[in-house]
Amino acid sequence: MVERVPPHTARQSVRPRSRRRPRIRLRQLLISGAASAALVAGSVLPLGPLLPAPQEARAADGKKVLTVAVSQSVDSLSPFLAQRLTSTSIHRLAYEYLTNYDPGDAHTVPGFATAWKPSADKLTWTFTIRGDSKWSDGRKATSEDAAWTFNKMMTDPNAATANGSFTANFDEVTAPDPTTLVIKLKKPQATMTALDVPIVPKHIWEKVGDFSKFNNDKTFPIVGNGPFVITDYKVDQYVKLKPNKDFWRGAPKFDELVFKYYKDGDAAVAALQKGEVSFVSNLTPAQAAALKSAKDIKVNNAPGRRFYALATNPGARSKDGTEFGNGDAALRDPAVRKALFQAVDRGTVIDKVFQGYAVEGQGYIPPRFAPYFWQPSDDRRIAYDPAAAARTLDKAGYRKNGAGKRVGKDGKPLDFRILCHATDPNDKAIGKYLQEWWGALGIGLKVECLDNVSDPWLAGDYDLAFDGWSVSPDPDNALFIHTCYSLPATPKDSGATDNFICDKRFDDLYTRQTAEYDTAKRADLVKQMESRLYDTGYMNVMAYPNAVEAYRTDQIKSITTMPEAAGNIWGQDGYWSWWSATPAADAGDGSGGSSSTGVLIGVGAVVVVAAVAGGLVMRRRRSTAEDRE
């Protein structure tokens with residue numbers, strides 16, 4: 001899915017919250033004010049001397065522990081509500097999906113289903129459910145669990161909060177026998193082998209009443225059938241998982257896996273140096289540079305699966321036509337949006353802020369997903385041209401007054417607000433540049449940096465925002481969040497929308513690509529959607545950040561990246577990294593990193609997501625550097 005998010009967004013009730021996550025469910029670990037200043041100045045942040053670390057992290061009881069520092073807290077342990085990348089990553093560990101993505105090249109491989117076949121008219125799909133999957137409470141996992149999961153999403157809007165786009169076209173789902181699942185569609189659907197929906201145990205979840213309020217965080221262990229079992233959770237502190245010894249692909253090798261939450265990125269990096277954590281993601285350029293020469297630490301710098309963008313408020317509204325929020329009406333004028341984007345210097349963003357750890361952005365889908373990657377032709381590209389931006393505003397009637405301020409059609413100066421993630425150095429640094437660039441045009445900008453951008457975002461109380469999502473091998477969900485279908489039913493309801501975009505031409509293309517089974521034709525339709533999104537001017541993709549992360553080689557002997565050639569470890573489309581991780585102490589056992597055809601090694605572990613220095617609100621969207629999947 002999209003993850004959609006970046007590090008810093010959140011979601012605390014039914015509605016998707018925070019923007020990163022895009023499921024996500026994007027960028028870099030947070031750094032302190034001093035670190036941010038150093039980053040903007042282009043200097044390398046000194047991280048202090050390395051402290052000796054044990055050859056292998058062990059708990060007091062001798063367990064082998066893999067500790068992962070994360071910059072995003074958990075929004076919900078309910079697979080029906082979770083939107084943030086951290087949450088959806090945990091769900092990939094705890095529950096099986098019908099299919100999975102191969103770590104080598106992301107082609108579809110078996111998951112809970114071992115085989116699948118469409119009818120001649122593509123309206124009926126038959127999945128063969130594996131017979132060797134058990135729920136962690138000992139009961140057999142069957143097709144009835146999958147049928148119940150999908151039917152619940154089809155009949156209860158609250159159960160469709162996180163992943164409803166996958167089942168919106170389902171007409172009927174049945175389980176004629178324990179190993180057969182039949183899904184009948186209203187019209188052909190090209191995403192049937194990429195249904196990123198966790199399958200839950202019917203005998204547990206059928207007891208749940210209100211799916212909008214049930215966060216699945218009171219009774220442990222949580223029953224699942226993935227490679228790990230969730231055993232404990234403390235809000236904004238941690239989530240613990242242990243290995244599922246009965247997992248059909250094989251049990252993990254670590255005894256405990258810890259996802260530990262750090263609000264401050266420098267603290268996370270210091271913990272890595274001391275050997276207190278095994279892995280850190282979303283490194284800033286300064287942190288990555290300092291760690292490259294550190295003993296027993298490997299920095300992984302790979303092409304990312306996220307985009308980093310400016311989003312405008314086109315006028316928040318719900319499906320029933322009700323408008324809400326206080327977005328500036330001037331941003332509904334395409335000329336104003338175009339002028340703002342003409343005054344954004346992407347080259348400076350890449351060179352000065354990301355310091356080369358990103359690729360300049362243009363289209364919506366990152367270049368890592370080559371079949372769907374699109375960029376505008378030279379004659380359509382909105383290039384950095386302040387003089388052209390001034391002419392655009394002049395022509396549209398937004399001229400400067402005696403004080404040098406651009407005046408809107410209502411006679412008031414153009415002064416905008418932009419939502420900024422308080423803990424994200426990229427937002428802050430780019431915000432300062434925008435104030436300079438747009439100020440030269442005569443437009444004011446207030447950078448509103450908040451720990452929780454979700455509430456004003458969902459309420460439509462913003463003009464612009466720093467946005468970003470993680471994109472999956474199948475881009476359907478990343479596209480769905482910009483359709484009219486994704487708007488909330490009413491201002492009080494949940495919605496999957498990213499920033500309230502509703503465009504009929506875009507929706508028509510979305511409907512066509514969903515039903516197109518020819519891969520080349522579908523890719524062309526997706527590119528047309530990106531082209532349309534670019535032309536509407538509601539979003540400006542500035543960069544495709546790299547996945548910059550590091551781990552201790554004296555704690556982790558081998559771990560699978562995705563893709564295996566120049567891929568990322570954190571935020572994968574699957575459970576490959578943590579499931580395949582091998583403790584350094586096992587270096588002599590002859591096992592190594594897995595390949596796309598032999599990912600049959602395991603990782604045994606308890607997973608802990610612990611929060612340090614307070615809680616952070618975000619969602620898979622732009623939770624600082626990670627987002628919605």
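Is Cys-449 buried, partly exposed or exposed, judged by its relative accessibility? At 30% relative accessibility, Cys-449 counts as partly exposed, where buried means under 20% relative accessible area, exposed over 50% and partly exposed in between (1.4 Å probe, protein chains only).

The legends below describe a predicted model, in which local features need pLDDT of at least 70 and side-chain atom pairs count only at pLDDT 80 or more, while totals for chains, interfaces and linings use all residues. Residues are numbered from 1 along each chain as its sequence is written, and side-chain values use heavy atoms, with hydrogens and water left out.

**View 1. The disulfide that joins Cys-420 to Cys-449.** The sulfur atoms of this link are 2.3 Å apart, a disulfide being a pair of cysteine sulfur atoms within 2.5 Å. Because Cys-420 lies in strand β15 (residues 415-421) and Cys-449 in strand β16 (residues 444-450), the pair ties together parts that are 29 residues apart in sequence; strands (E, at least two residues) and helices (H or I, at least four) are DSSP runs, numbered from the N terminus. The link is right-handed, with 85° about the S-S bond, and Cys-420 is buried at 0% relative accessibility.

**View 2. The disulfide formed by Cys-484 and Cys-502.** Here the sulfur atoms are 2.0 Å apart, and the torsion about the S-S bond is about 100°, so this disulfide is right-handed. Both Cys-484 and Cys-502 lie in the loop between α12 (476-480) and α13 (504-514), so the pair ties together parts that are 18 residues apart in sequence. Cys-484 is buried, with a relative accessible area of 19%, whereas Cys-502 is partly exposed, with 27%.

**View 3. The two disulfides of the structure.** With bonded cysteines counted along the chain, the disulfides follow the pattern 1-2, 3-4.
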